[in-house]
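Please read these notes with the model open beside them. They go point by point, from the overall fold to the contact of the chains.

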Number of protein chains: 2
Amino acid sequence: MSFKGEQHPGVKAPTAESQGFRLNHTMLRVKDPEKALAFYTRVFGMQVLRRLDFEELGFSLYFLAKLGASEQAPEDEGERTVWTFRQKGLLELTHNWGTESQDDFAYHDGNAEPQGFSHICFSVPDLEAAEAWFDANDVTFVKRSDQGKMKNVVFVKDMDGYWIEVVQADRLAQLGD
Amino acid sequence: MSFKGEQHPGVKAPTAESQGFRLNHTMLRVKDPEKALAFYTRVFGMQVLRRLDFEELGFSLYFLAKLGASEQAPEDEGERTVWTFRQKGLLELTHNWGTESQDDFAYHDGNAEPQGFSHICFSVPDLEAAEAWFDANDVTFVKRSDQGKMKNVVFVKDMDGYWIEVVQADRLAQLGD
């Protein structure tokens, strides 16, 4: 696929070998799963699809989705694991046991040096309503929609300090022009 | 939603305010877009939906998706931007202009210290076929499916050193047991 007037350096045509590949999830480490899960379920309405514990290795994984109203994960644990790994666009939170009780422990957000990963992004139906909702939940803003050079783009922080971009798609038609 | 026998600390019930929120993308900074786009389009079959250039700020954004065979982005640029921000589970690659020509420049993968973000994950229909495809494209492995404690889980690196997990969903039914 290519689009008129848009240059995409390096792009190759897809082949049969990658058919059926699906971008399943993004994984972030979190210090305290109780705080992280409260935040993502309350503020962003996500649901925990599956928790997997690895006792020998000392960590737990939590797979979160923002499911549509008609979507429902299977009750059976094995079926639910398989179903989870077939989804698109999940968030996986990893808890290395014990970090939650270490006062000076914090993960690196990727925006301070050394840089790498920057953020995840949620698309919302109404940006002002979302900002009001974040305020009602005492969410920390990096920038509001009327601040900075990129208007209509909000950034907030999750409980570990990772940045979350929040946008309303139909207000971004002119972005980058 | 809750599941029998599975504890999810901190979880709150979703409210009306987060209805319609959607996890749109994950953003990673890349040193050289030509190399990064060649990798993600060739090896993982992704398509560039939209490129946005910010001349004043000195960066370009590339939004990539693994679309299904019947999915098609609009040709019109404004419509395509809006369409892109309504999707689920995209990958956004950011190129800060000039990094590609700096010999000693590299982004931080989040798995070396200081840790934070860990990886993105693709689900594939056939794990052995995917490993053979990675070998055919000289992709760097962090671990193969038969290595380490977590069998059936592959990790490779992209051109910036970010880790990509690769799994076959129906082989993970027993994961975490």
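1. Helices (H or I, at least four residues) and strands (E, at least two) are DSSP runs, numbered from the N terminus. Two strands pair if DSSP finds at least two bridges between them. The model is predicted: local features need pLDDT of at least 70, side-chain atom pairs count only at pLDDT 80 or more, and totals for chains, interfaces and linings use all residues. Residues are numbered from 1 along each chain as its sequence is written, chains are lettered from A and ligands numbered from 1 in the order in which they are written, and side-chain values use heavy atoms, leaving out hydrogens and water.

2. Chain A contains three helices and eight strands, in the sequence pattern β-α-β-β-α-β-β-α-β-β-β. Its C-alpha trace spans about 55 × 45 × 40 Å along the principal axes. Of its 177 residues, 57% are buried, where buried means under 20% relative accessible area, exposed over 50% and partly exposed in between (1.4 Å probe, protein chains only).

3. An open sheet of eight strands draws on both chains, with the order β2(A)-β3(A)-β4(A)-β1(A)-β5(B)-β8(B)-β7(B)-β6(B) and mixed pairing. β2 (47–54) of chain A and β6 (141–143) of chain B are the edge strands; each has a single partner strand, so one side of each lacks a neighbour in the sheet. On average, neighbouring strands here are turned by 25° against each other, direction ignored. Such angles are taken between N-to-C directions and run from 0 to 180 degrees, with axes as lines fitted to C-alpha atoms, for helices over the stretch in contact.

4. In the chain A part of the sheet, β2(A) pairs with β3 (residues 59–65) in the antiparallel sense over seven bridges, and Gln47(A) stands opposite Ala65(A). β3(A) and β4(A) are also antiparallel, with six bridges; there Phe63(A) faces Glu92(A). By contrast, β1 (residues 22–29) of chain A runs parallel to β4(A), joined by five bridges, and His25(A) has Leu90(A) as its bridge partner. Six of the seven residues of β4(A) are buried.

5. Helix α1 (residues 33–42) of chain A lies across β2, β3 and β4 (90–96) of chain A, at about 160° to β4(A). Helix α3 (residues 127–136) of chain B packs on the sheet and touches β6, β7 (153–157) and β8 (163–167) of chain B, its direction making about 145° with that of β8(B). Contact means heavy atoms within 4.5 Å.

6. Where does Ala169(A) lie? Ala169(A) is in the segment after β8 (163–167) of chain A, and is buried with a relative accessible area of 3%. Not counting residues up to four places away in sequence, Ala169(A) touches Ser123(A), Val124(A), Val82(B), Phe85(B) and Arg86(B).

7. The contact between the chains takes 97 residues from chain A and 97 residues from chain B. About 8,400 Å² is buried between them, 61% of it on carbon and sulfur atoms; buried area is the accessible area (1.4 Å probe) that two parts lose on being put together, summed over both. The interface has eight salt bridges, each a side-chain nitrogen of Lys or Arg within 4 Å of a carboxyl oxygen of Asp or Glu. Asp170(A) and Arg86(B) form a salt bridge through their side chains (3.8 Å, N to O).
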